[in-house]
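Biologist: Please show me the model, and then let me ask what stands behind the words used for it.

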Amino acid sequence: MTYPSVYPTGVTIYNPEKCWNGYTVFQAKELGALVIDMNGAEVQLWKGLHGFPNKLLPGGYVMGHTGERNNAYGMQDQIDLVQMDWEGNIVWRFNRYEYIEDPGEKPQWMARQHHDYQREGNPVGYYVPGMEPRVDGGNTLILCHKNLKNPKISDKLLLDDTIIEVTWEGDIVWEWICSDHFDEYDFSEEAKNILCRDPNMRPSGGGMGDWMHINSMSVLGPNKWYDAGDERFHPDNIIWDGRETNIIAIIEKKTGKIVWKLGPDYNTSKELRELGWIIGQHHAHMIPRGLPGEGNILVFDNGGWAGYGAPNPGAPKGIKNALRDYSRVLEIDPVTLKIVWQYTPVEAGFVHPVDSNRFYSPFISSAQRLPNGNTLITEGSGGRLIEVTPEHEIVWEYISPYWGKNMKINMIYRAYRAPYEWIPQLDPPKEVPVERIDVTTFRVPGAAPIGRKKETIVEGVLPYQGDAALCVAAGDEVAE
Amino acid sequence: MNNIIFTVPGCTRCKIVKDFMKEKGIAYVEKDIKAEGKEEFQQFYTANRKSIYRGAEGIEFPIFTDGNKICQGIGPVLAYLNSGEKLAGYFSVGTLHREWVDGIHISSGNSKYADDLMSVLRYLKGNAMKLKVDTNGKHSHILQMILDNALADNVVMNVVGPPDLYSTILEEEVDLRDIEKTISLVPKFPEYQFQTTIVPVMRQEGEAISYLTPEEVALAAKFIEEVTRSKKHPYLIKLFNPREAKDERLKSLEPLSPNILFKYRTVAREYQMFAEVERE
């Protein structure tokens, strides 16, 4: 993660011919919900509107939150989920999940939403031809928090994940509670042991175990697997992933039971070993029908540190015991578990593994499949958005210029690309190509240009070797 | 026939009952069902299966018999040994473990014998047990005695419905002042919970039986608010299981879908903001 002290922000690469052009929305750190065009022009800011995440809806609507619960008492709890029009008027709000009375705070109803939600009409919250999210009605699935105790997991207070379905009128009509299904997750005895002693305790509210930490939740929607008779992939079923456990799971909407799952242990079959450990992942979802790769699972496999299991030198207690210092974007066939497409440090052109951490976000991040087959990737921790082609060419790159004042980082949790027609209030912008700068010759004012004032020919020296004799070995360079 | 107590090794509840009998001078024979009493208990169980409750976690001990009566669990056995049949209805086999004793029903026994009931509760508390009692609101004076003597650690009140349906649901004339008094006492215990089960109700003679509606459960929640002047009590809404109904007429009822609970919760939260639904 070698970052220079000085580097450009905004759009740095743009090839209009190869891009799927549109508007991009993201939560600019401590600023609000920001919409940019392909050249990075900031065409709309809903100032102060929180976004965990922000999503655009057709008609120039945006979804987000009017605030977050005091961190002293809650972990990432958003007080509500709202739909806001182009002028900033709230046209829909949900907050009546739990009545919260925190010391010194105004008692109020809260949604306790975090990380994700899905409006009826669209399974994943981003553009899919023919699957527009509803803007004037319909139900909304919301990922929320609830504090509870479950002696099967630990005697400590848990910060559990729940999924609720809320009508346009605000009535909760369905609820799923993650810890109710603890026996279905196949944790090893070693994992259960450390989970019991430390279910990822966080200090908020005097201490609570954020044991699963679901960070993504979406609907499967119509798909070829169900059409072929595989009931696990019923269109109403819901896919989620748990950052702390390395689990990606599909739950049956009707019963709440786990019907398909990856993790928590990736050593249990040949297919999983070939897939490799998925660690601390984000935004696992099924690519919806109508987009290239439909039916496959797209996930940002962060790496970093996550999981519960046997202690090792990097995790002496056994918590966060899976470690990897680079990220991968994987497209996985959910039946064969084969990787269909990937974007990893290798495809990014970095020398693996010694330079692999140049593609690395140990938290947040996402991947959106675009209609032309490109993928919009949020490499979140560094505030970097890239659009890559199926052949792994970067055709658009943007670096967020917004660092927080409270948290000095330009992180982007999750960005989404939407078609121009979703914002009818704006005329489609001019698309001006941005050529990739040759960094070997690019200089800031005052810096000397590249080029030697004097070159001395040294007689008898040998040519340079390739990259096979670095100080550390690539894990797979010696055949077993 | 002798008094026989069937016990299991390491059973604190069995020891408490044996101590009680020793103190009262009641002669008994102990049968350890893991040792010498194994075969005898198997025969006893086979012959009396209907009288012995076997839950998901097995059979609760001790089990006592004097040849006429079979009692199971620490509460029912102590009640019988202390007062004979006078405390019938007050105790049943509990579901809690370790130091907790439940299956104590304040509203279900004969209130004439409240002093006998206090005596049994006092003995349990004297043996460091924690007591969880339940009530439907009847016999508020007994709950007051329990409160005055600090004989319960947890109280669950089943608010069976809105005030105007209370007598209908309990199928007896109920004094609502008694119910209101109980509602006002319940929050004074160290731990407590109000709850309502969505029961089937025959509103008029000859009319079809139908479940409590969301609006009626909201009125039950409002009842609690009006008596206590607080919307902030723990309040649980539960589904009725027709298969477990004692009334044969109810067994054929179609059970409500668990998802319907959320509609009840939404309206109940107008009056009890911490309303929750029972999970499987």
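What follows is a set of questions and answers on this predicted model.

Biologist: How do you know that chain B agrees with a compact globule?

Modeller: With 280 residues, a compact globule would have a radius of gyration near 19 Å, and chain B has 20 Å, so the two agree. The C-alpha atoms of chain B fill a box of roughly 60 × 40 × 30 Å along the principal axes. Chain B has 10 helices and 14 strands, and 47% of its 280 residues count as buried. Among contacts in chain B with a separation of 6 or more, 64% are between residues 24 or more positions apart.

Biologist: Why is B:His139 called buried?

Modeller: Buried means under 20% relative accessible area. B:His139 has 12%, and therefore it is buried. B:His139 is placed in the loop between strand E8 (130–135) and helix H5 (140–148) of chain B. Leaving aside residues up to four places away in sequence, B:His139 touches B:Tyr90, B:Ile106, B:Ser107, B:Gly109, B:Ser111 and B:Asp178.

Biologist: Is A:Tyr360 buried or exposed, and why?

Modeller: The relative accessible area of A:Tyr360 is 9%, so this residue is buried, the cut-off being under 20%. A:Tyr360 lies in the loop between strand E26 (339–343) and strand E27 (366–369) of chain A. From A:Tyr360 to A:Gly295 there are 65 residues in sequence and 26 Å in space, C-alpha to C-alpha.

Biologist: What makes A:Lys146 and B:Glu276 a salt bridge?

Modeller: The rule asks for a side-chain nitrogen of Lys or Arg within 4 Å of a carboxyl oxygen of Asp or Glu. In A:Lys146 and B:Glu276 the closest N and O atoms are 3.1 Å apart, and the pair forms a salt bridge. Across the interface of chain B and chain A the rule finds five salt bridges. The count of residue pairs in polar contact between chain B and chain A, both at pLDDT 80 or more, is five. On the side of chain B that touches chain A, helix H10 (261–268) and strand E14 (275–277) each supply at least two residues. H10(B) gives the most to that side, with four residues. The residues of that side are four nonpolar, two polar and seven charged.

Biologist: What is the area buried between chain B and chain A?

Modeller: The area is about 1,200 Å², of which carbon and sulfur atoms give 45%. In chain B, B:Phe262, B:Arg269 and B:Arg279 lose the most area to chain A, together 41% of what that side buries. In contacts, 13 residues of chain B meet 16 residues of chain A.

How values were computed. Residues are numbered from 1 along each chain as its sequence is written. Chains are lettered from A and ligands numbered from 1 in the order in which they are written. This is a predicted model: local features need pLDDT of at least 70, side-chain atom pairs count only at pLDDT 80 or more; totals for chains, interfaces and linings use all residues. Side-chain values use heavy atoms; hydrogens and water are left out. Contact means heavy atoms within 4.5 Å. Buried area is the accessible area (1.4 Å probe) that two parts lose on being put together, summed over both. A polar contact is a pair of N or O atoms within 3.5 Å; within protein, one must be able to donate a hydrogen and the other to accept it, and residues adjacent in sequence count only if both atoms are side-chain atoms. Ala, Val, Leu, Ile, Met, Phe, Trp, Tyr, Cys and Pro count as nonpolar, Asp, Glu, Lys and Arg as charged, and the others, Gly among them, as polar. Buried means under 20% relative accessible area, exposed over 50%, partly exposed in between (1.4 Å probe, protein chains only). The radius of gyration is taken over C-alpha atoms; the globule rule is 2.2 Å times the number of residues to the power 0.38.
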